[in-house]
Amino acid sequence: MNLTTISIIGNGGVGKSTFTIQLCYSQFIEYYDPTIEDSFRKQIEIDNETLNIEILDYHYYDEWNNRIKQKIYEKTQGFIVVYSINDKYSFNELENYLNEIYKYKKVNDFPIIIIGNKNDLEDERQISKEEGNEFAIKNGCPFYETSAKTRYNIEETVFTLLREIRKYPFDLDSNSNLNSKSNSNSKSNCLIF
Ligand SMILES: Nc1nc2c(ncn2[C@@H]2O[C@H](COP(=O)(O)OP(=O)(O)O)[C@@H](O)[C@H]2O)c(=O)[nH]1
Ligand SMILES: [Mg+2]
């Protein structure tokens with residue numbers, strides 16, 4: 001069965017697990033044990049096609065040895081890179097996550113979507129939507145603000161990433177991305193919702 005593997009990464013507390021559970025089970029959870037490292041599966045109907053997706057929601061990257069990380073990054077076909085609109089620090093870290101992807105994938109372009117989560121917390125906002133959008137444009141990635149609480153833009157995010165993955169010239173045999181090094185044309189235009 002054809003499986004599309006997506007990893008969700010970003011600082012602790014930005015809502016990665018909540019996002020994943022909202023997507024897969026349509027539930028908002030206040031607390032999810034941050035030590036649980038998990039993968040979730042879901043069938044998604046997109047553009048008249050049924051896709052099986054696997055979302056890897058892993059934690060504490062920094063403490064991992066590189067081999068485990070390498071394995072996970074290797075099988076990932078698209079990344080959701082998350083910050084939280086009420087946490088400037090998580091926004092400032094985005095660049096490191098992107099660089100890490102490019103380092104492990106040995107490419108300078110890959111299916112990545114950037115999301116500013118917790119957009120229901122308007123009163124606590126530290127990063128404007130424009131700042132998020134500008135960062136995404138600079139890095140050639142689609143961008144959404146989302147709320148894993150209200151489900152705002154959760155499915156749209158995943159649909160857009162799946163379309164990015166479909167456009168990307170993965171090597172069909174190995175599922176790697178050998179062809180993509182010089183392929184900067186496939187970078188998407190930025191979307192803001
Ligand atoms: N208000 C609000 N809270 C959220 C949202 N997403 C996550 N949270 C809360 O933020 C906290 C951390 O979320 P979690 O998914 O564990 O973060 P992770 O460490 O990135 O996996 C939890 O208390 C969640 O309920 C959101 O979109 N809005
Ligand atoms: Mg988590």
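Helices (H or I, at least four residues) and strands (E, at least two) are taken here as DSSP runs, numbered from the N terminus. What you are looking at is a predicted model, so local features need pLDDT of at least 70 and side-chain atom pairs count only at pLDDT 80 or more, while totals for chains, interfaces and linings use all residues. Residues are numbered from 1 along each chain as its sequence is written, and chains are lettered from A and ligands numbered from 1 in the order in which they are written.

Let us start with the overall layout. The protein has six helices and six strands, and from the N terminus on these elements follow the order β-α-β-β-α-β-α-α-β-α-β-α. Of its 193 residues, 35% count as buried; a residue is buried if 20 or more other C-beta atoms lie within 10 Å of its own, exposed if 12 or fewer, and partly exposed in between, with C-beta atoms placed from the backbone. Contacts are pairs of residues whose C-beta atoms, placed from the backbone, lie within 7 Å. Among contacts with a separation of 6 or more, 68% join residues 24 or more positions apart.

Now look at the partners of strand 5. Two strands pair if DSSP finds at least two bridges between them. Strand 4 (residues 78-84) runs parallel to strand 5 and is joined to it by six bridges, with S84 standing opposite N117. Strand 6 (residues 143-145) also pairs with strand 5 in the parallel sense, over three bridges, and here E145 is the bridge partner of G116.

How does the chain get from strand 5 to strand 6? Together with helix 5 (residues 129-138), these two strands make a right-handed β-α-β unit. Right-handed means that, with the strands pointing away from the viewer, the path from the first strand over the helix to the second runs clockwise. Within helix 5 you will find A136, which is buried because 24 other C-beta atoms lie within 10 Å. A136 and I112 are 24 residues apart in sequence and 9.8 Å apart in space, C-alpha to C-alpha.

The nonpolar interior comes next. A nonpolar core is a set of buried Ala, Val, Leu, Ile, Met, Phe, Trp, Tyr and Cys residues joined through C-beta atoms within 7 Å. The largest one has 32 residues, of which I80, V81, V82, I112 and I114 touch the most other members. Leaving out residues up to four places away in sequence, V82 touches I8, G10, V14, G15, K16, F19, I115 and N117.

From there, turn to ligand 1. A residue is near the ligand if its C-beta atom, placed from the backbone, lies within 6 Å of it. Of the 19 residues around ligand 1, G15, K16, S17, T18 and K149 come nearest. Helix 1 (residues 16-25) gives the most to this shell, with three residues.

Finally, visit the loop between strand 2 (38-46) and strand 3 (49-57), where D47 sits along with N48. Phi is positive in both non-glycine residues, near 50 degrees for D47 and near 65 degrees for N48. D47 is exposed, with 9 other C-beta atoms within 10 Å, and N48 counts as exposed with 5 C-beta neighbours inside 10 Å.

Methods:
Contact = placed C-beta atoms within 7 Å.
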